[in-house]
Amino acid sequence: MTTVTVSKVAAGADDLSVWPASARRLPHGGLAVGGVGLAEIADRFDTPVYVLDEGEVRARCRAYRDAFPDADVLYAAKAFLSRAVVRWIDEEGLGLDVCSAGELELAVTAGFPADRVVLHGNAKSPHDIEAALRLGVGRVVIDSPSEIARLAAAVGVGTGGAQKVMVRVVPGIMAGGDKKIRTGTEEQKFGLAVSDGSAQHAIARILGLRRLELTGLHCHIGSQITDVKPYVAAVRRMVGLMARIRDTHGVVLPELDMGGGHGVAYRPGEPALDLTALARRLRAELAASCAAAKLPVPRLAIEPGRAVTGPAGVALYRVLAVKRTGERVFVAVDGGMSDNPRPALYGVRYAPRLVGRRSAAEPRTTTVVGRHCEAGDILAADVELPGDTHPGDLLAVPVAGAYQLSMASGYNMVGRPPVVAVHDGTARLLVRRETLADFRRRDIGE
């Protein structure tokens with residue numbers, strides 16, 4: 001079974017510790033994932049191309065269900081969403097966390113039950129709210145004071161029903177990777193702070209509205225978190241707030257959503273969040289804090305995204321050029337920041353690998369760059385690749401299943417890559433390649 005834990009394997013050119021569990025070495029330097037050779041996928045579907053191991057996704061869903069049998073596990077759709085992923089998530093018994101009407105409607109039209117969906121967003125549009133109410137979304141997470149009146153007004157007059165909501169609370173805890181993905185403190189755009197009374201004021205307003213039903217609290221302290229301690233501290237503070245709500249309003253909230261942000265290893269030797277330890281510590285702290293506050297233990301929810309699909313993905317690129325500038329070696333590939341903006345945004349580092357041929361050349365420190373007109377279009381800086389890497393070679397980048405294609409752009413009108421699923425020796429197209437014809441169809445002006 002796939003585990004989410006700390007990678008203890010030393011970094012090495014032949015290390016497969018951050019690859020899908022199905023990754024297998026083939027003769028002559030090849031590599032297979034899901035029983036399908038990566039070189040075969042590149043030849044069949046061209047490059048760049050994203051490969052998603054269905055078995056790895058499903059195994060990670062099951063690992064979460066096993067670790068949290070009495071909690072709601074909601075897959076964070078922003079990591080990557082497609083109709084096939086919606087089906088896998090549904091069949092494995094997870095709920096869904098969405099951030100827009102687009103994600104919500106794709107999920108529902110693919111057959112996902114809307115009542116197992118939670119809608120997030122710090123600036124929900126009228127279309128987002130309309131879609132949530134029309135489709136019967138399970139929960140709406142309130143993120144700002146202005147959203148309360150807007151949502152209450154949109155709930156149908158005379159229907160006799162009420163929309164279930166949660167309040168996103170800023171617990172004042174700093175955690176996560178880059179500062180741009182730390183969301184647990186007041187210096188960012190998400191949620192309502194406890195320290196200045198914003199969260200308490202919003203909760204009081206919601207409790208006074210018949211069209212909104214407050215079911216619980218929500219918090220998300222950051223992304224790419226590899227330490228359990230910040231989650232434990234956040235649980236303690238959230239339970240403290242739930243106790244104050246009971247004392248002030250006489251209301252015991254039945255739900256607590258602790259968000260996601262569970263970190264994964266992108267390169268061998270890097271830490272990853274230990275899922276077993278997280279589940280054990282969260283349950284223990286929740287029980288202890290509730291006992292101290294004389295509160296019943298609320299229904300727990302968590303929202304993993306990256307930890308489900310990230311390690312299941314592989315990006316394949318073809319080398320277009322090799323340039324030596326002084327002591328530096330640049331290997332340019334046929335993709336870049338249009339299909340993976342994360343290195344430019346957050347300074348993320350990957351471990352690309354030559355696949356499709358065996359090289360006896362000594363490794364050389366190399367910077368893998370994209371094809372776009374930006375000096376910052378760097379996919380992997382200072383990595384070890386064979387010294388004879390040349391145009392036509394195939395490079396594979398593991399841990400590519402989250403926040404890459406979902407954040408892709410149309411920069412330079414290159415077109416976003418396709419997504420190919422592999423499972424039990426079979427490869428099938430999930431999302432087709434974006435073409436020049438797609439760009440032309442959108443451009444309707446003269």
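Helix α3, residues 83–91, has five residues listed as buried in this predicted model: Ala84, Val85, Val86, Trp88 and Ile89. Just past the end of α3, Gly93 adopts a positive phi of about 85°. Tyr75 in turn belongs to the largest nonpolar core.

**Nonpolar core**

- The largest nonpolar core holds 131 residues.
- Which members touch the most other members? They are Trp19, Leu38, Phe68, Tyr75, Leu217 and Leu316.
- Helix α8, spanning residues 229–249, is the top contributor to this core, with 10 residues.
- In soluble globular proteins, nonpolar side chains tend to be buried together.

**Around Tyr75**

**Packing of α4 and α5**

- Two packed helices are described by the angle between their axes and the distance between the axes.
- Helix α4 (residues 101–109) packs on helix α5 (residues 126–135) at an angle of about 25°. Their axes lie 9 Å apart.
- Why does the pair count as roughly parallel? Angles under 35 degrees fall in that class, so α4 is roughly parallel to α5.
- The crossing of α4 past α5 is left-handed.
- On the α4 side, Ala101, Leu104, Glu105 and Val108 make the contact.
- On the α5 side, the contact residues are His127, Asp128, Ala131, Ala132, Arg134 and Leu135.
- By type, this contact has six nonpolar residues, three charged and one polar.

**Backbone features in loops**

- Thr47 and Pro48 are joined by a cis peptide bond, with omega about -10°. Pro48 sits in the loop between α1 (38–45) and β4 (49–53).
- Met413 is not a glycine, yet its phi is positive, near 50°. The loop between β19 (394–398) and β20 (419–423) contains Met413.
- Is Met413 buried or exposed? Met413 counts as exposed because its relative accessibility is 55%, and the cut-off for exposed is over 50%.
- Asp424 is another non-glycine residue with a positive phi, about 50°. Asp424 lies in the loop between β20 and β21 (426–431).
- Asp424 has a relative accessible area of 67%, so Asp424 is exposed.

**Glu40**

- Glu40 is part of helix α1.
- With a relative accessible area of 48%, Glu40 is partly exposed.
- Glu40 and Leu320 are 280 residues apart along the chain. Their C-alpha atoms are separated by 19 Å.

**Gln163**

- Strand β9, residues 163–170, includes Gln163.
- Gln163 is buried, at 8% relative accessibility. The cut-off for buried is under 20%.
- What is Gln163 in contact with, leaving aside neighbours within four places in sequence? The partners include Leu133, Val137, Gly138, Arg139 and Val140.
- Gln163 also contacts Leu151 and Val155.
- Arg211, Leu212 and Glu213 complete the contacts of Gln163.

Key:
Residues are numbered from 1 along each chain as its sequence is written. This is a predicted model: local features need pLDDT of at least 70, side-chain atom pairs count only at pLDDT 80 or more; totals for chains, interfaces and linings use all residues. Side-chain values use heavy atoms; hydrogens and water are left out. Axes are lines fitted to C-alpha atoms, for helices over the stretch in contact, and angles run from 0 to 180 degrees between N-to-C directions. Helices (H or I, at least four residues) and strands (E, at least two) are DSSP runs, numbered from the N terminus. Angles under 35 degrees count as roughly parallel, over 145 as roughly antiparallel, 65 to 115 as roughly perpendicular and the rest as oblique. A crossing is left-handed if the near helix is turned anticlockwise from the far one by less than a right angle, and right-handed if clockwise. Contact means heavy atoms within 4.5 Å. Ala, Val, Leu, Ile, Met, Phe, Trp, Tyr, Cys and Pro count as nonpolar, Asp, Glu, Lys and Arg as charged, and the others, Gly among them, as polar. A nonpolar core is a set of buried Ala, Val, Leu, Ile, Met, Phe, Trp, Tyr and Cys residues joined through side-chain atoms within 4.5 Å. Buried means under 20% relative accessible area, exposed over 50%, partly exposed in between (1.4 Å probe, protein chains only).
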